[in-house]
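Open the model in your viewer and follow the stops below. Each one gives a selection and what to find there.

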Amino acid sequence: MIELGRVCIKTAGRDASKKCVIIDILDDKYVLIDGETRRRKCNILHIEPLNQVIKIEKNASHEEVAKALEELGLKARETKPKPKTEKPRKKRKTPEQLRVQKEEKRKLRDLFKFKKEEKAEEKKEATLEEKAGLVEEKKEEVKEIAEKKTAKKETKTQKPKKTDKKKEG
Amino acid sequence: MPAPRLRSRSLRKVFRKVSGGRVSLHYKKKKPKAARCGNCGALLKGIPRELPFRMRSMAKTKKRPERPYGGVLCSKCMRKEIINKVRQ
């Protein structure tokens with residue numbers, strides 16, 4: 001039953017229930033098939049031979065098989081040719097382009113830096129001023145406190161005198 | 001005593017070892033039954049046993065074998081049927 005040009009039906013795998021033709025006998029187990037299925041090596045056990053035989057050469061091309069199958073009213077499997085898409089190749093940049101790129105980068109970097117510095121400076125100035133003001137205030141406060149203290153001391157010193165006077169009185 | 005809604009047998013109990021060495025009881029939804037062949041009733045291979053919401057998010061090729069009657073008949077029954085059709 002298994003011979004060249006024998007029309008078979010596949011009974012296993014994703015091509016099951018599709019018709020094919022034996023093109024080549026590779027082994028006592030394996031044959032090469034083509035037709036509605038993919039062109040591939042196949043186990044004999046995964047094929048059910050039919051009662052039709054086509055005249056076909058050994059290792060016939062897919063087109064020849066397709067022509068032969070057309071007479072039987074079968075359509076061979078057609079794979080869509082993949083559209084060739086070229087990979088975008090990376091081109092090396094010329095020194096001029098590199099220079100431009102560097103300048104742009106530097107501009108960006110400067111922009112960010114400038115902003116940050118401004119903010120920092122403002123803050124610093126403010127803090128410094130505040131600090132200065134605080135320091136001055138503090139100094140004033142210290143002075144005031146010192147004055148108060150001296151005044152208090154004076155009062156304190158005065159008060160006992162009064163008391164003394166009272167006591168004396 | 002578990003909460004009243006967890007006392008039904010529609011949920012399955014899972015003992016989980018929790019961090020801290022404690023073993024706690026978790027309640028999980030039961031999985032559906034495994035798919036079977038429409039002809040002989042054998043368990044079908046290559047079909048995940050997952051909840052419907054998980055099956056919905058899966059690719060079509062992951063849910064059944066890619067052959068005629070894939071996910072309906074087992075491979076043996078499919079082969080028999082094809083051969084029977086051819087030989088008639």
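Start with chain B. Take its contacts between residues at least 6 apart in sequence: 23% of them join residues at least 24 apart. This is a predicted model.

Now colour chain B by secondary structure. It has 3 helices and 2 strands. Along the sequence they run β-β-α-α-α.

Next, colour chain B by burial. Of its 88 residues, 8% are buried.

Move to the interface. How many residues of chain A are in contact with chain B? Select 9 residues on chain A, and 8 on chain B as their partners. The chain A side consists of 4 nonpolar, 3 polar and 2 charged residues.

Now for the largest nonpolar core. It holds 20 residues. Select A:C8, A:V21, A:I22, A:I23, A:I33, A:V65 and A:L69, which have the most contacts inside this core.

Show the elements around that selection. From chain A, β1 (6–10), β2 (19–25), β3 (30–35) and α1 (62–71) each give two or more residues to the core. Which element gives the most? That is β2(A), with 4 residues. As a general rule, nonpolar side chains in soluble globular proteins tend to be buried together.

Last stop: centre on A:C8. Leave out residues up to four places away in sequence. A:C8 then touches A:C20, A:I22, A:I33, A:I47, A:E48, A:P49 and A:L50. Two of these names, A:I22 and A:I33, were also in the core selection.

Definitions and conventions
Residues numbered from 1 in each chain as written. Chains lettered and ligands numbered in written order. Predicted model: local features only at pLDDT ≥ 70, side-chain atom pairs only at ≥ 80, totals over all residues. Contact = placed C-beta atoms within 7 Å. Nonpolar A, V, L, I, M, F, W, Y, C, P; charged D, E, K, R; others polar. Buried ≥ 20, exposed ≤ 12 C-beta atoms within 10 Å, placed from the backbone. Core = buried A, V, L, I, M, F, W, Y, C linked by C-beta atoms within 7 Å.
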